[in-house]
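Open the structure in your viewer and keep the selection tool ready. Each stop below says what to select and what is there.

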Amino acid sequence: MLAVCVNEFGGPEVLSLEEVPEPVAGRDQALIEVESAGVNYGDILVRRGEYFGRRALPVIPGWEVVGTAMSADPGGAFSAGDRVVALLDGNGYAERVAAPARDVVRVPDHASDQVALAMVIQGATAWRLLENFAPGQSVLVSGAGSGVTHLMIQLARIRGASEVAVVSSGEEKSDRALELGADLVVQPRGDGNLKEQVAEELDGRRFDLAIDMVGGETLQAMLRALRPGGRAVIYGVAGGEPAKVNTGALLKNGLTVSGLWLGHSEGWSLREIMTGLFELVEAGQLTPTLGPVFPLARADDAHRAVEARTGVGKVVLDCRNP
Ligand SMILES: NC(=O)c1ccc[n+]([C@@H]2O[C@H](COP(=O)([O-])OP(=O)(O)OC[C@H]3O[C@@H](n4cnc5c(N)ncnc54)[C@H](OP(=O)(O)O)[C@@H]3O)[C@@H](O)[C@H]2O)c1
């Protein structure tokens, strides 16, 4: 079968379509005939050799696919021939994959391939980041162009947020965030002191929750905007620089800072979360931002589109027409 391989770390040009051996389903795994594979920001990090120290080569990127189950789930959650999405531990940019059966979920007829893929990593992450969010609370998030942010804005509104604010890096992205339900988009000028500019634009507002995936000064600015007793959750360091956190300020203001990574599978169920997400999609309450579809052979262009940071939406590879 065909798959997109990384044989050396580097730019998008290292992604090469190659003939590779068919996957073999191990214990508690299911084979899937892949129709489309989702492209995530984390795939870029895998390609560059920057993903949590994963340096083994060759590697086939891709953590989510939609397609047809080739065998039934022993637990009865899906049958052979069902249209399913799956969360994988890699190898998704391929014509067929072996997926952990517990993370294979049937796709309702109303959801297109692209919508279904937007619900896997981006949807489950957004859902989990807001797990302990209570009605009436306020939230400040970073990354106005991020697919996770677009879903989080809508989920926070559905859960009765009193205020949703976003730290953005571009005007076009700000418009989309406002359209999806953000009350306020803070747009630092890109020169001078980012922390002061964010504070100025927030105009004294204080938040119950800050959710960050940029790191560095952005996270520092967001921590300053928390009310006493507030919480921050970190789920990415897209800016490349982890923030230096003033632990004295955490102590003085009673703040909690935690991390969230979907790779920790304990304590949550993808099936339960995706059921909730698909219900909201069907009800017209949740709309992912959808981006371009590329043939599997053009995974390099798909990566370029994600890296361009134009806020393009969910980018997908068509694996039926490699
Ligand atoms: N912890 C987890 O389990 C988990 C799960 C999913 C995603 N993530 C992380 O969450 C982030 C967003 O994922 P996504 O799927 O929503 O990606 P996406 O739609 O491709 O958006 C990428 C985001 O990263 C930001 N970004 C990229 N390069 C940056 C830089 N140099 N400095 C500052 N911001 C930068 C962009 O900010 P602008 O909008 O301002 O351009 C954009 O919002 C990624 O860092 C990803 O690795 C983590």
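**Before you start**

This is a predicted model, in which local features need pLDDT of at least 70 and side-chain atom pairs count only at pLDDT 80 or more, while totals for chains, interfaces and linings use all residues. Residues are numbered from 1 along each chain as its sequence is written, and side-chain values use heavy atoms, with hydrogens and water left out.

**Stop 1: the two domains**

Colour residues 2–107 and 289–318 as domain 1, and residues 124–259 as domain 2. These bounds come from an automatic or database domain assignment. The C-alpha centres of the two domains are 29 Å apart. Where they meet, domain 1 puts in five residues and domain 2 puts in seven residues; contact means heavy atoms within 4.5 Å. About 470 Å² is buried between them, and carbon and sulfur atoms give 40% of that. Buried area here is the accessible area (1.4 Å probe) that two parts lose on being put together, summed over both.

**Stop 2: helix 2**

Select residues 113–129, which form helix 2. Helices (H or I, at least four residues) and strands (E, at least two) are DSSP runs, numbered from the N terminus. Does the helix lie buried or exposed? Helix 2 is mostly covered, with 17 of its 17 residues buried. Buried means under 20% relative accessible area, exposed means over 50%, and partly exposed is in between (1.4 Å probe, protein chains only).

Now centre the view on Gln122, where helix 2 has a kink of about 45°. The bend at a residue is the angle between axes fitted to the seven residues ending there and the seven starting there. The expected span is 1.5 Å times one less than the number of residues.

**Stop 3: the largest nonpolar core**

Select Met119, Met152 and Ile211: of the 55 residues in the largest nonpolar core, these touch the most other members. A nonpolar core is a set of buried Ala, Val, Leu, Ile, Met, Phe, Trp, Tyr and Cys residues joined through side-chain atoms within 4.5 Å. Elements that each supply at least two residues of this core include helix 2, helix 3 (147–158), strand 11 (207–212) and helix 8 (270–282). Helix 2 gives the most, with eleven residues. Domain 1 and domain 2 both give residues to this core, so it lies between them.

Show the surroundings of Met119. Its contacts, not counting residues up to four places away in sequence, include Leu151, Met274, Phe278 and Pro288. A second, separate core has 37 residues, among them Cys5, Val14, Val34 and Val315.

**Stop 4: helix 3 and Thr149**

Move to helix 3, where ten of the twelve residues are buried. Thr149 is found in this helix, and Thr149 counts as buried because its relative accessibility is 0%. Beyond its neighbours within four places in sequence, Thr149 is in contact with Val141, Ser142, Gly143, Ala144, Val166 and Tyr235.

**Stop 5: Glu64**

Select Glu64 in strand 4. Glu64 is buried, with a relative accessible area of 0%. Ser36 is 28 residues away along the chain, and the two C-alpha atoms are separated by 8.7 Å. Not counting residues up to four places away in sequence, Glu64 touches Ser36, Leu117, Ile121 and Lys314, among others.

**Stop 6: loops**

Go to Pro58, in the loop between helix 1 (41–48) and strand 4 (64–69). A cis peptide bond joins Leu57 and Pro58, with omega about -5°.

Next, select Asp28, in the loop between strand 2 (15–19) and strand 3 (29–39). Phi of Asp28 is near 60°, a positive value in a residue other than glycine. Asp28 is exposed, with a relative accessible area of 54%.

End at Ala101, in the loop between strand 6 and strand 7 (104–106). Ala101 is buried, at 9% relative accessible area. Asp28 is one of its contacts, along with Phe78 and Arg271.
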